[in-house]
Amino acid sequence: MERRDFIKGIGLGALVAGLGKSAHAQEAKALEKAPEIAPANYDFKITFLGTSHGRPTLERFNSSTLLEFGGKKYLIDAGEPVSALLIRQKISPADIDGIFITHPHGDHMGGLLMQFVQMASFGGYKKYKDRPCKLFLPGEDVKSNIGNAMRAMGFGRGIPGFCDAIGFGEGVIFEDGGLKVTAIGNDHMARRADKTARAYSFLFEGAGKRIVFSGDLSNKFDFPYGVIEPSLDLIVCELVHFPVKLVVEGLRDKAIKHACFQHPYDHYCDVVHGKERFAAFAKQLTFPAELVDDGTVRTV
Ligand SMILES: [Zn+2]
Ligand SMILES: [Zn+2]
């Protein structure tokens with residue numbers, strides 16, 4: 001999809017910062033005229049369920065995102081209260097085909113246990129009989145720890161049998177139905193003694209589109225620069241663990257068509273000054289960017 005189509009696709013209500021620059025003036029005009037309907041010709045649909053960092057706010061729950069592609073539904077992270085947020089979107093927790101966890105911090109997987117419980121209560125044992133839900137956890141140790149937590153909660157003997165749990169490392173971790181997912185390690189959590197990562201970014205590729213989910217990054221802003229080329233249709237990036245000047249410098253003139261920032265510094269959420277503070281940051285970027293909220297939907 002061309003950049004202009006993408007911009008149209010994100011809808012009239014989107015806050016697209018940086019559009020005042022001459023390079024973006026045409027898009028701004030197109031945006032004004034864009035109808036307030038979702039485009040029919042998208043490949044990925046992304047619903048931001050929870051967009052906060054470790055502490056939920058009056059308007060933001062912990063991190064979880066629903067990604068839809070090729071008739072399948074995937075979760076990226078499962079912060080609290082992900083299963084309840086799916087239900088409020090009128091989506092059964094047992095309709096999730098795969099779950100990708102970026103790293104073992106509570107704000108990114110604190111809702112996982114209740115997600116399992118709700119998958120079961122919404123008929124998961126029957127629904128997943130022939131095709132288990134793929135559960136991608138960052139490392140074998142996380143897999144066994146989650147199993148222990150399920151036992152501690154008195155829910156069965158570990159990760160439920162309708163989940164196919166995979167403790168992944170760096171590289172391609174999933175390829176199915178035209179969707180390919182690559183995990184790229186970062187230093188948000190220190191590396192293990194054997195130098196393998198504990199925290200990951202993900203690259204999703206399908207139908208010729210490419211999307212990066214940053215997960216949480218280190219204070220050096222170790223974005224997965226190596227997968228930007230040839231271009232990214234969208235980045236979904238956290239915005240709390242590093243000075244934002246590293247984002248401006250690191251991503252300057254990179255082939256990125258649009259950015260959705262989430263997991264933001266509190267001062268971007270301030271009801272009086274938040275929007276202007278974010279706009280001041282975003283206008284330094286060389287691509288359109290927005291700060292997404294819980295419930296924001298975007299298509300690519
Ligand atoms: Zn986090
Ligand atoms: Zn974290």
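Begin with the largest nonpolar core of this predicted model, which has 72 residues. Select Leu75, Ile99, Phe100, Ile211 and Ala259, the residues with the most contacts inside this core. Strand E11 supplies the largest share of the core, five residues.

Remain with Phe100 for a moment. Which residues is Phe100 in contact with, leaving aside its neighbours within four places in sequence? They are Tyr74, Leu75, Ile76, Phe136, Val181 and Phe202.

Next, select Ile211, another of the core residues with the most contacts. The bridge partner of Ile211 is Leu234, in strand E11. Strands pair through backbone hydrogen bonds, either parallel or antiparallel. Here, E10 and E11 pair in the parallel sense, over three bridges.

Now widen the selection to the sheet. Seven strands form an open sheet in the order E7-E8-E9-E10-E11-E12-E13, with mixed pairing. Strand E7 (171-176) and strand E13 (289-291) stand at the edges; each has a single partner strand, so one side of each is left without a neighbour in the sheet. From one strand to the next, the twist averages 20 degrees.

The following stops concern the backbone. Most residues other than glycine have a negative phi, and most peptide bonds are trans.

Select Asp77 in strand E3. Although Asp77 is not a glycine, its phi is positive, at about 70 degrees. Is Asp77 buried or exposed? Asp77 counts as buried because 28 other C-beta atoms lie within 10 Å, and the cut-off for a buried residue is 20 or more.

Compare Lys90, in the loop between helix H3 and strand E4 (98-100). Lys90 is also a residue other than glycine with a positive phi, near 65 degrees. Lys90 counts as exposed because 6 other C-beta atoms lie within 10 Å, and the cut-off for an exposed residue is 12 or fewer.

Move to Pro81, in the loop between strand E3 (72-78) and helix H3 (82-88). A cis peptide bond joins Glu80 and Pro81, with omega about -5 degrees.

Finish at helix H7, residues 140-152. Its 13 residues reach 19 Å from the first C-alpha to the last, close to the 18 Å expected at 1.5 Å a residue. Just after H7, select Gly154, which takes a positive phi of about 75 degrees.

Methods:
Residues are numbered from 1 along each chain as its sequence is written. Chains are lettered from A and ligands numbered from 1 in the order in which they are written. This is a predicted model: local features need pLDDT of at least 70, side-chain atom pairs count only at pLDDT 80 or more; totals for chains, interfaces and linings use all residues. Helices (H or I, at least four residues) and strands (E, at least two) are DSSP runs, numbered from the N terminus. The expected span of a helix is 1.5 Å times one less than its number of residues. A nonpolar core is a set of buried Ala, Val, Leu, Ile, Met, Phe, Trp, Tyr and Cys residues joined through C-beta atoms within 7 Å. Two residues are in contact if their C-beta atoms, placed from the backbone, lie within 7 Å. Two strands pair if DSSP finds at least two bridges between them. Axes are lines fitted to C-alpha atoms, for helices over the stretch in contact, and angles run from 0 to 180 degrees between N-to-C directions.
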